[in-house]
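User: I am new to this structure and would like to learn how to read it feature by feature. Could you take me through it slowly, giving the general idea and then the case at hand?

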Amino acid sequence: MNDLLCLGIETSCDETAAAVLRQDGRLLGSVVASQIDLHEAFGGVVPEVAARRHLERIGPVVRETLAQGGVRSEDVGLVAVTRGPGLAGALMVGLSWAKAFAFARQLPLVGVNHVVAHAHAAYLEAEPRYPDLALVASGGHTDLLLLAGPTGVQVLGRSRDDAAGEAFDKVARSLGLGYPGGPAIESLARTGDPDRARLPRVGLFQGSLDFSFSGLKTAAQSLRRQGAAPEDIAAAFQAAVFDQLWERASLAQRQTGCRRLIFAGGVSANGYLRQRFADALRREGLSLLVPPLGHTTDNAAMIARLGLTMYEAGQRSPWDMGAEPVIHPFKP
Ligand code: KG4
Ligand code: ZN
């Protein structure tokens, strides 16, 4: 057994993605069609443009995914799809497509929370050890989650303003770098000195593990106006982002007693941050778990991973399930 095939569909932002994951954990196919070039000229994602492109790409992306895995559409036994959070129009394209595919074949359908799925991307190559502590830092969210079990999620902290990835993108823009800003800042920072252009640290909010990145972004932008070198700003910005993420994550670790930290979401592609987390955790006798590198930014393998887990826990979604642009992570 364990040969059920789950088709995952992801269209919450600017990547049209599909994946086929077998119940035994083997990833048979995973395709991500990025719209980055389409949105680059605007310096960010234009929702209407994204939805239209998803509509054009979803069919070919699924066909390519099935072909990659040597899977026929009639072999699929379960459909998992992102229901939120994300852009309403973009989500609706994936949801409608997934529902039609599943309904036509009378397959079970599972709607998946995108942020929680980012954390579960770590389980593509490692076994869960519930309760697991996860820090998801992406373009839309910065959330500290306690994964209590296959479906139970507790939110320990979240950003009160910009997400970490959003701050990377905005600082990159003010430095004249392209979109997305994360990879551009990371490579520029390699030649910079984090101590030549100091940035303020964001203190803890009382009784809370919440984050805030908007002040840091503004401070980085004003350093630019004061004439600091772009590479020094990039290096100082990354160092300040790490300090804030680590302060909250290590407090959460002490509160929960978890022995490892999952660092996931698009920002976890950052090699500098990964290294700093790995070093800091090792000093405490703890370990770092990150998703496989191709599965840190948006993808459908993580949607299939969480969808299968939810299905195994008995969850099914109704045919009238709607898109949830601002869904909270504790909602499955
Ligand atoms: O998870 P993701 O693909 O989409 C959302 O759910 O938002 O994350 C995209 C975000 C963007 O803000 C992008 O700048 C950031 O992840 N990102 C990075 C890196 N690669 C992508 N941030 C820092 N360093 C990177 N190497
Ligand atoms: Zn994402």
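Analyst: Let us begin with the surface, keeping in mind that this is a predicted model. The chain exposes about 13,600 Å², and 51% of that area is supplied by carbon and sulfur atoms.

User: How many helices and strands does the chain have, and what radius of gyration does the chain have?

Analyst: The secondary structure comes to 10 helices and 10 strands. For overall shape, one can compare the radius of gyration with a rule for globules: a compact globule of 332 residues would have a radius near 20 Å, and the chain has 20 Å, which agrees. Taken along the principal axes, the C-alpha atoms fill a box of roughly 60 × 45 × 30 Å.

User: What percentage of the residues is buried, and what percentage of the contacts joins residues 24 or more positions apart?

Analyst: Buried residues make up 53% of the 332 residues in the chain. Of the contacts with a separation of 6 or more, 72% are between residues 24 or more positions apart.

User: How far apart are the mean positions of the positive and negative charges?

Analyst: The chain has 33 positive and 34 negative charges, and their mean positions are 2 Å apart.

User: Which residues touch the most other members of the largest nonpolar core?

Analyst: The general idea is that nonpolar side chains tend to be buried together in soluble globular proteins. Here the largest nonpolar core has 45 residues, and those that touch the most other members are Leu144, Leu199, Phe237 and Phe277. The elements that give two or more residues to this core are strands S6 (132-137), S7 (142-147) and S9 (260-264), together with helices H5, H6, H7 (214-225), H8 (230-256) and H9 (271-283). H8 gives the most to this core, with 12 residues.

User: Which residues does Leu199 touch, and which residues does the second core include?

Analyst: Not counting residues up to four places away in sequence, Leu199 touches Leu216, Ala219, Ala220, Leu223, Ile233, Ala236, Phe237 and Ala240. The second core is separate and has 34 residues, including Leu4, Ala121, Ala126 and Ala134.

User: Where is Leu109, and is Leu109 buried or exposed?

Analyst: Burial is read from relative accessible area, with under 20% counted as buried and over 50% as exposed. Leu109 is in strand S5, and its relative accessible area is 2%, so Leu109 is buried. Leaving aside neighbours within four places in sequence, its contacts include Val79, Val81, Ala98, Ala102, Pro318, Trp319 and Met321. Leu109 and Leu144 are 35 residues apart in sequence, while their C-alpha atoms are 27 Å apart in space.

User: Where are the cis peptide bonds at Pro85 and Pro180?

Analyst: The angle to read is omega. A cis peptide bond joins Gly84 and Pro85, with omega about -5°, and Pro85 is found in the loop between strand S4 (78-84) and helix H3 (88-105). The bond from Tyr179 to Pro180 is also cis, with omega near -5°, and Pro180 is found in the loop between helix H5 (164-174) and helix H6 (181-189).

User: What is phi of Gln106, and is Gln106 buried or exposed?

Analyst: Phi of Gln106 is near 55°, which is a positive value in a residue other than glycine. Gln106 is placed in the loop between H3 and strand S5 (109-113), and because its relative accessibility is 56%, Gln106 counts as exposed.

User: Where is Gly25, and which residues does Gly25 touch?

Analyst: Gly25 is in the loop between strand S2 (15-22) and strand S3 (27-34), and at 27% relative accessibility Gly25 counts as partly exposed. Not counting residues up to four places away in sequence, Gly25 touches Leu124 and Arg305.

User: Where do Arg52 and Gly294 lie?

Analyst: Arg52 is found in helix H2 (residues 47-69) and is exposed, with a relative accessible area of 54%. In sequence Arg52 and Gln221 are 169 residues apart, and from C-alpha to C-alpha they are 33 Å apart in space. Gly294 lies in the loop between strand S10 (287-289) and helix H10 (301-312), and at 56% relative accessibility Gly294 counts as exposed. Gly294 and Ala269 are 25 residues apart along the chain, with their C-alpha atoms separated by 8.4 Å.

Methods. Residues numbered from 1 in each chain as written. Chains lettered and ligands numbered in written order. Predicted model: local features only at pLDDT ≥ 70, side-chain atom pairs only at ≥ 80, totals over all residues. Heavy atoms only, no water. Helix = DSSP H or I, 4+ residues; strand = E, 2+ residues; numbered from the N terminus. Rg over C-alpha atoms; globule rule 2.2 N^0.38 Å. Buried < 20%, exposed > 50% of the residue type's maximum accessible area, 1.4 Å probe, protein only. Contact = heavy atoms within 4.5 Å. Areas by Shrake-Rupley, 256 points an atom, 1.4 Å probe, with all protein chains shown as cover. Lys, Arg positive; Asp, Glu negative; His and termini not counted. Charge placed at Lys NZ, Arg CZ, Asp CG, Glu CD. Core = buried A, V, L, I, M, F, W, Y, C linked by side-chain atoms within 4.5 Å.
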